[in-house]
Amino acid sequence: MEIRLRFALLLTSFFVVWVYGATPIPNKQLLGIDPQDLSFYKSNVIKCKDGSKKFAKELLNDEFCDCPDGTDEPGTSACPEGKFYCQNAGHTPIKIFSSRVNDGVCDCCDGSDEYNSNANCTNTCWEAGKVAREKLKKKIETFKEGLIIRKDEVEKANNAYAKDEADLAKLKSDEKVLKELVQKLREQKERIDKLEEEERLKKEKEEKSLREEEEKSKEQEIKADETQIFDTMENHEQDGSTGNLDIAVESGTDNMVESKKASTQTEEQHVGEGHDDTSESSGGISQDGEISSYEVPKQDQDDSGSTEELSREELGRLVASRWTSEGADQTTDKIGNVEEDLMDQDSSVAHEHEGYTSETDDDRSKDDDDDDDNFEDDRDDEFEDDHSSSDASYIADEYEKPDPLDSIEVSSPTWLDKIQQTVQSVLQAFNFFKTPVNVSDATHIRKEYDDTSSKLSKVQSRISSLTEKLKRDFGKEKEFYFFYDQCFESKQNKYVYKICPFKQASQDEGYSKTRLGSWDNFEESYRVMVFTNGEKCWNGPDRSLKVRLRCGLKNEISDVDEPSRCEYTALMSTPALCLEDKLKELEKKLEQMNTRKPQGHHDEL
Amino acid sequence: MRRSIVRSLLFSSSSAVPATMAPLPPLLLRYLVVILIPLFLFFSSASAWKKDEFRNCNQTPFCKRARTRTPHSLPRLIVSDLLISDGHLTAHLQPSLSSEDDVSAGDTPHPRPLVLRLSVYQDGILRLKIDEDYSAPSAPSKQRFEVPDVVLPDFEDRRLWLPRVSSTEDGSISSLYLSDGFEVVLRHDPFEIQVRRKRSNDPIISLNSHGLFEFEQLREKKEGEDWEERFRGHTDTRPRGPQSISFDVSFHGAEFVYGIPEHASTSLALRATRGPGVEHSEPYRLFNLDVFEYLHDSPFGLYGSIPFMLSHGLKGSSGFFWLNAAEMQIDVLAPGWDDSAAAGNDRIDTFWMSETGIVDAFFFVGPGPKDVLQQYASVTGTLAMPQEFAIAYHQCRWNYRDEEDVATVDAGFDEHDIPYDVLWLDIEHTDGKRYFTWDRVLFPNPEEMQKKLTAKGRHMVTIVDPHIKRDDSYYVHKEATDKGYYVKDATGKDFDGWCWSGSSSYPDTLNPEVREWWAEKFSLKNYGGSTPSLYIWNDMNEPSVFNGPEISMPRDALHFGGVEHRELHNVYGLYFHMATADGLLKRGNGKDRPFVLSRAFFAGSQRHGAIWTGDNSADWDQLRSSVPMILTLGLTGISFSGADVGGFFGNPEPELLVRWYQLAAYYPFFRAHAHHDTKRREPWLFGERRTALIREAIHIRYSLLPYYYSLFREASVSGIPIMRPLWLEFPEDKKSFDNSEAFMIGEGILVQGIYEEGQKSVSVYLPGEQSWYNMRNGAAYSGGQTHKLEVFEDSIPSFQRAGSIVPRKYRFRRSTTQMANDPYTLVIALNSSLAAEGELYIDDGKSYDFEQGAYIHRRFVFSNGKLTSSTIHSASLREKKFSSSCTVERIILLGLPSAPKKAVIEPGNHETEIEPGPLTLRGGASSVALVIRKPNVRIADDWTIKVL
């Protein structure tokens, strides 16, 4: 009885709403029609929207599907492709699938989808709408505030970007100047070197003859009287060496050769040790390899068929691990780590300026190994973690701290001028024609050369990092510019997720770190940040992470999840996503919600 | 993909490694070696089926012994002391020992005679039992195990009382009446049993025609004799020594033999395993095993065993069932296997070997294939009528992790307008794999979660496995320990094996008391967090024991009554399944039909619930083998079965996944499932187009639910499966006998799978003389021909047989629950005489009221331009009634040569319009049929509709 009454009321309200329409359409036939579509249904012969056929008005909502697209049955479940419009006065109107009409489940908050079923739907639109409106209002507030922050940041970002560009240009011209200076200094240095070398040779020669004479005199000291010796010595000093002296010299050189030999031996020994070192260090790698293969023999044993040596429990775990990949994971993880370490070593060599080093992951695997309690625990933990509350933080990454070079005021002209001046003065002060070379001047030049070329290499490295940075896509308005030098963290139970946009993302647990991926790009017009090619997963894809961005007042990571094995997702709120268009859309939605009052307030329409 | 790459690297590792490494700098190469070597070691052990882990025939002494015997090499067996007692024929069976043998045998004890008993049952069933003579003076103290609880309790009621036995004059042959037209012939010397046609004396099935019958009698251990068997570090003490049985069975007039699941194969017909032309000679093994990444084509044993084989040929069908739950190996022998010159061209010889037990064999005479199935069903029973929700679509994954995940997936179906009925939770939902518990962090409010599903008419299934965690604080373990309900090891202690829960023990469900106790665990009170809409999944019940021999329980483990595990291994899973189903039955006070899915099975498992084909893989070959596997299950009684959609292991390419959905929509049991390492594959994750394709596939199943439910009813009454090989419907169409790609759903629908990537065209053989209507576009194709058809992305080829009427529902809902009141569509495909017929069965879809007559069973007949609906069931038996206000909203006519405009409905003399219309309602469907618009007759009523 009650249902019927409400149904009547509902129909009445429809009637009241639509009575102003030009063509009177029977009420039941109006079911499920979007008011905006009403005119479409006015004529006596109605077209299917897909143009496939036409149908007479009596067939509208007659519980028989005539149009493949459902045009003729907006208010019934007869067409599989149909949509039912619920007015939901007081809340938001929605269109639901025809399959929901009279299926016994209340889908529209006004209950209009269950006009002919056993379902007892109450109209919850006003209450639900109130909650939704409040939520929407809050969201709008956030958007408004966020928009201001965003504007500010965009402005700053553009300035900073411009400054970066200017810096780059400046750096490039500096580089040019420096290169020239370095070139000049090098030339000078080389000349000095040459001069000095000549001097040295000369000196050596002098010293040599001096020594020879000394030797000679020593010898002669024994045999002849001193004055005589002195004379001949002076003679010999002028015309080189002859006669007996040669023997002495020869023996002397012999001695020298021997001592040289000895030193070569020690050097060789060193080299040998060096070899040992390298073999030791490569041994270190193979040790790592051994660690990673530590568990492998177990698998191997299994394969070779001799499971006898395994304890019963080990055997059970081993077989279980085929399905779970647990044991395997550890092994491959470790292999992955070794590999990663190697790669990191590589990359740290190749891109030293980027300057991040990897931590070793051995601890984790040890922990896992020692944890003999429950082999399923690891997995359980994974799940638990997904549920821990998020704890986002906004921090500058320690290893992303500016390069010492950055402390050099790139934009200030003074340092380069200074260098230039110094170099000029040094160069000018140096007298090439003076022999012997003025020691302090030479040192000066060398120092200047070293300083300047180190400056040059710093400038060059700065250029390459800046170029690298400026190649990045920071968004339509460069709204993501400041993400470049930042990392964001979120702690979820034992894991800390560290997300460094444009660089990489990782999952850290204590000292162990799992690479979730390197920066790939933005997707869905800057709404998603994608990191790919993370650490390998046993039986799964390489790890990857997608961070969905949404409007918020702070940059905050939350809801890190792993919906599919090794495919991570996270949410991040950021002012960068507080967009004006979206705000307008929300405001419009709120406006609509506010104007649609529930039944009884239809006069407001 | 990754996995297959690794695999291919593996198999060609020696050549692949240098090839991939060649261009790499030497330093990296060194690193790679360090990395790859352990990787290879690892993967080589982790990928694919582990042949070494399972015994082949040569490593199985009884199999090896039996298989080396040649025909007629054993001493002749002689039948003596024939006697009719209690309506059975009994006799003694004894090897003929010449005096020579006596001397040479020396210390071999003279074998005791065996006791043979023949019994005859209604409808052409012969039962043969051969066992030790326990009344003999030197009889063994221990009885051999005879499998209880498989043969229906009322089977004995159908026994025919044998009044006498007629023997030939010379006394060499005795014969027994079997049924009209069939008799049993027992030859006395040498012993042979033959079932044959009476007049023609044509044999149908015979046993011991090749003199391979061997029965190793129980005996005392001789001094110095070693009975132990060792395999891969496991020792089987075998305290009772050798006790195997083997014999040959011949199917006469047979062109193919089928049955004896479970094996993965792309062929429905069993292939020869021995004899000329057989390459890899390994018998079909029946031994329930948990096989990691099984091969799609192999005679090795999988999760379940049914020692029932059927033969079929133009001369008819027959069947042979050996009720024995020990390990069995069966050879199908290629013609010429016995070096006989005249290779029997219409006979198939088979050789059956079992480790222990007795001979308890059933012969089914047919003569039609459906007769054989019904005869087998009269021994082991028909499928339990499932609830309606259970035959709809199931969504599963290892694992839906938490309540939020469950809610999200559930909402995903609604968002994409895809119906589903059941959401499944795998092992991770429990508290540390303690079944009947919940991980309360992930599932803090399981009741509420289930109620949310119930609100949308959906159900939930949770997993309950037989390995019970050995944890003193776990009540199930504590109770089982205290009551001594666990299976014992050879020394008598509770058997302790390793499985998901770590150290675990296994309830001994052979014991009725243990089953009772186990069943109680499912009451709403005992199973915390359960609700009446929760149903159960039994996995790992082979049983799977990770550290046991062949990943199972040691054969010398001990069960109730001192039965060794070897004696009942193959039936363990059935008992566990049975106890679980009993639990759900009890929970609902006997009013709610249980739903329990089991992986392990044995003959008779159909009475306890559904079966699926276990851990398959995401590749095309496994899609292909799913059809013969499910058909074989259906032929051996397990009608309610299916394969995991998409493949459990690995990630299916989207095309494969879509094709799998399109095929699986016709499986009797329709569930998607995936390993936890795989990518998510809920239907909407592969782009809009694929979502639409999968939605359409699932919708096809939902639209056919009235037809399926009627077929389930039929199967529950007759034992005829839902999904049928073509030859079951066309037993005289020789071309259909070896078809493993297409199948029938009931009598009316033929489906051809698409098993290849990017397939553009397909050859479909349409059997019989009548034509077939393409269910996609209504086009007619003639029968008895192979048609080359274009393959479309949106469906796999399916046809409605001319002469059939298929009831459907063209309204799509969230789940079956909301479809209860929706109107029907009848699709009538007329045959050449413009006639057709079909049936519809409806009940409340939940309870057992149908047993008291609370159902609607209609028969539709179209002839002479008139459709008539009449009731099938006899009104007299009705204690309860089921009513339905459902109407028929549409009748679709295919194959009518004229185009009538109107139809008249009686009673009431109403007129309604007939107009051209589509076969389905989906967008763009063109008019291919005549549609009687809105007849709006009630489905429950008698009426006629005349086409004018």
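1. Basis. This is a predicted model, in which local features need pLDDT of at least 70 and side-chain atom pairs count only at pLDDT 80 or more, while totals for chains, interfaces and linings use all residues. Residues are numbered from 1 along each chain as written, chains are lettered from A in the order written, and side-chain values use heavy atoms, without hydrogens or water.

2. Aromatic pairs. Over all chains, the structure holds 75 of them. Rings of Phe, Tyr and Trp (its six-membered ring) pair if their centres lie within 6.5 Å; planes under 30 degrees apart are stacked, over 60 edge-to-face, and the rest tilted. One pair is B:Trp398 with B:Trp500: tilted, 5.7 Å centre to centre, 55° between planes. This pair links distant parts of the chain, 102 residues apart. B:Trp398 sits in the loop between strand 22 (393–395) and helix 7 (403–415) of chain B, and B:Trp500 in the loop between strand 26 (497–499) and strand 27 (502–505) of chain B. Helices (H or I, at least four residues) and strands (E, at least two) are DSSP runs, numbered from the N terminus.

3. Another pair. Why is the pair of B:Trp438 and B:Phe443 tilted? Their planes stand at 55°, with ring centres 6.0 Å apart, so the pair is tilted. Both B:Trp438 and B:Phe443 are buried.

4. Charges over rings. The criterion is NZ of Lys or CZ of Arg within 6 Å of the ring centre and within 35 degrees of the ring normal. B:Arg701 places its charged end over the ring of B:Tyr708, 4.1 Å from the centre. B:Lys809 lies over the face of B:Tyr824, 4.5 Å from the ring centre.

5. Helix 10 of chain B. This helix spans residues 512–520, and its buried residues are B:Val514, B:Arg515, B:Trp517, B:Trp518 and B:Ala519. Their cover includes strand 25 (468–469), helix 9 (475–483) and helix 11 (565–587) of chain B. At the helix start, a side-chain oxygen of B:Asn511 comes to within 2.9 Å of the backbone nitrogen of B:Glu513.

6. A sheet in chain B. Six strands form an open sheet in the order 35-36-37-42-39-40, with antiparallel pairing. Strands pair if DSSP finds at least two bridges between them. The edge strands are strand 35 (723–724) and strand 40 (780–781) of chain B. Strand 37 (749–752) and strand 42 (798–801) of chain B pair over three bridges. B:Ile749 stands opposite B:Gln800.

How values were computed
Buried means under 20% relative accessible area, exposed over 50%, partly exposed in between (1.4 Å probe, protein chains only). Contact means heavy atoms within 4.5 Å. A polar contact is a pair of N or O atoms within 3.5 Å; within protein, one must be able to donate a hydrogen and the other to accept it, and residues adjacent in sequence count only if both atoms are side-chain atoms.
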